[in-house]
Protein chains: 2
Amino acid sequence: MYFWSVIKLAIIGTGNVAFHLAQAFHQAEAVHLKAVAGRNAESLKIFKPFAYILPDLKDLPPVDVIIIAVSDAAIPEISAKIKDNKALIAHTSGSTSVEVLNTHKRFGVFYPLQTFSKSNELIYSDIPFCIEAKLKADFETLVGLASALKAKSYSINSDQRGALHLAAVFGNNFGNHILTQAQQICEERHVSFDLLKPLMEETIRKAFSIGPEAAQTGPAKRGDVITIEKQLNALQSPEQKKIYNSFTEALLKHYER
Amino acid sequence: MYFWSVIKLAIIGTGNVAFHLAQAFHQAEAVHLKAVAGRNAESLKIFKPFAYILPDLKDLPPVDVIIIAVSDAAIPEISAKIKDNKALIAHTSGSTSVEVLNTHKRFGVFYPLQTFSKSNELIYSDIPFCIEAKLKADFETLVGLASALKAKSYSINSDQRGALHLAAVFGNNFGNHILTQAQQICEERHVSFDLLKPLMEETIRKAFSIGPEAAQTGPAKRGDVITIEKQLNALQSPEQKKIYNSFTEALLKHYER
């Protein structure tokens with residue numbers, strides 16, 4: 001480890017990522033979170049415990065790094081409004097190229113590969129931060145920010161980051177929607193969805209230890225047509241039948257049955 | 001806790017469930033695993049460290065409980081071959097009614113809600129055992145078997161068990177196939193699939209703490225058409241495009257966008 005001076009930081013945005021980063025950087029010793037800026041005065045309120053809140057970007061104080069944590073679509077507009085030409089400007093988007101910020105002298109990406117809701121407490125030491133910057137010194141500054149949260153950093157270019165974000169959409173967004181179906185199935189028969197938790201934890205553990213293809217089990221993998229028929233008949237909702245059919249078809253094909 | 005006498009046990013089957021149960025019961029103090037029976041002499045070999053291995057069901061020694069841990073389709077045939085009319089006969093299937101065993105005097109179900117591969121080490125205290133039996137004493141015996149593994153038991157009827165198994169197929173089988181796609185996406189862009197592990201762990205934690213509907217995030221949930229278009233264009237495999245489309249459609253509909 002080496003010493004770095006305290007990094008002066010501003011965050012633009014009032015969503016879940018902005019909230020978690022503001023909360024965490026407020027507590028980090030190596031970072032001084034000077035301000036959080038956002039257009040919506042109401043959403044800004046919850047940031048009061050962490051930093052000065054600014055409804056106008058023009059009032060941003062001089063800082064070392066400005067993190068833009070807004071929706072992908074809003075990044076270009078926000079970026080264009082930043083007149084500070086000394087700070088390193090970084091966005092937190094998984095699927096947006098670093099080049100969207102190339103009107104600035106110093107720019108980069110600080111993408112935490114995690115799912116954020118205001119209510120969940122996060123363990124930062126577990127979160128991989130995907131970092132990209134044109135200048136080596138700026139890359140090191142962003143690594144320093146991640147270190148200040150005790151998080152791990154990875155050098156990931158825009159192309160790779162796009163792939164990770166897409167993989168995250170599959171695993172988290174689609175995987176979670178499957179759990180919504182699983183919960184519905186449990187509720188229809190008055191059986192606790194919580195009973196599935198150890199199975200789902202083991203599913204993740206196994207997929208990342210032996211790989212998801214080696215971890216695959218179930219009727220479709222085995223080509224067990226009797227169970228498949230029985231389960232299709234037991235399903236009540238058309239949406240569930242559709243998901244069951246398409247995955248069963250995909251699995252039968254993938255494992256050549 | 002109360003004392004019970006040692007339960008004398010035999011297991012029929014040589015698959016993953018049979019293997020894990022044999023290994024665990026061999027180590028359990030309150031259980032004496034007397035024999036493992038199976039037709040295939042070669043697959044029986046790995047059971048040698050745990051109990052006598054029997055290629056013929058006729059040689060089963062007298063026991064208190066016989067666990068049938070074979071494929072769903074083979075249960076009726078195996079059940080018909082068991083001539084012991086004193087033992088409690090239980091199967092381990094999620095989607096098979098307890099009634100398949102009703103030619104016996106005493107019968108039940110001992111279904112561990114978990115995914116089994118020969119290579120994974122299981123923490124039994126985390127596994128919910130779904131138990132069903134006609135007679136209260138038999139129910140208690142099966143609870144005793146689960147307790148001997150330090151596992152939790154739940155009284156679950158055949159209908160509820162079918163729902164749990166179906167929910168497990170969604171969560172584990174389909175969820176794991178989604179991870180196969182996520183891994184492929186990562187590999188195509190030469191970025192480590194392992195980076196997704198903390199996200200997937202958090203996905204499970206969040207879905208079971210606030211519920212999967214409240215936990216849903218992502219472009220489709222937000223109705224973020226720009227990101228959806230961009231991601232669809234970035235996908236290379238037709239199978240991935242198909243999964244992306246069907247989940248995006250389902251999510252847009254489910255969250256009324």
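Predicted model: local features only at pLDDT ≥ 70, side-chain atom pairs only at ≥ 80, totals over all residues.
A residue is buried if 20 or more other C-beta atoms lie within 10 Å of its own, exposed if 12 or fewer, and partly exposed in between, with C-beta atoms placed from the backbone. Helices (H or I, at least four residues) and strands (E, at least two) are DSSP runs, numbered from the N terminus. Residues are numbered from 1 along each chain as its sequence is written, while chains are lettered from A and ligands numbered from 1 in the order in which they are written. Local features need pLDDT of at least 70 and side-chain atom pairs count only at pLDDT 80 or more, whereas totals for chains, interfaces and linings use all residues.

At 1.5 Å a residue, the 31 residues of H5(B) should span 45 Å, which agrees with the 44 Å between its end C-alpha atoms. The expected span is 1.5 Å times one less than the number of residues. H5(B) has a kink of about 25°, centred on B:Val169; the bend at a residue is the angle between axes fitted to the seven residues ending there and the seven starting there. After the helix comes B:His190, with a positive phi near 55°.

The contact between the chains takes 78 residues from chain A and 78 residues from chain B, where two residues are in contact if their C-beta atoms, placed from the backbone, lie within 7 Å. On the side of chain B that touches chain A, H5(B) gives the most, with 26 residues. The residues of this side divide into 39 nonpolar, 26 polar and 13 charged. Ala, Val, Leu, Ile, Met, Phe, Trp, Tyr, Cys and Pro count as nonpolar, Asp, Glu, Lys and Arg as charged, and the others, Gly among them, as polar.

Chain B can be laid on chain A with an RMSD of 0.0 Å by a turn of 180° and a shift of 0.0 Å along the axis. That is the relation of a two-fold axis. Copies are superposed by least squares on the C-alpha atoms of residues with pLDDT of at least 70 in both. The same surface serves both copies, as 100% of the contact residues of chain B recur in chain A. Of the residues of chain B, B:Gly175 comes closest to the rotation axis, at 2.7 Å (C-alpha).

Chain A comes to ten helices and eight strands, and 50% of its 257 residues count as buried.
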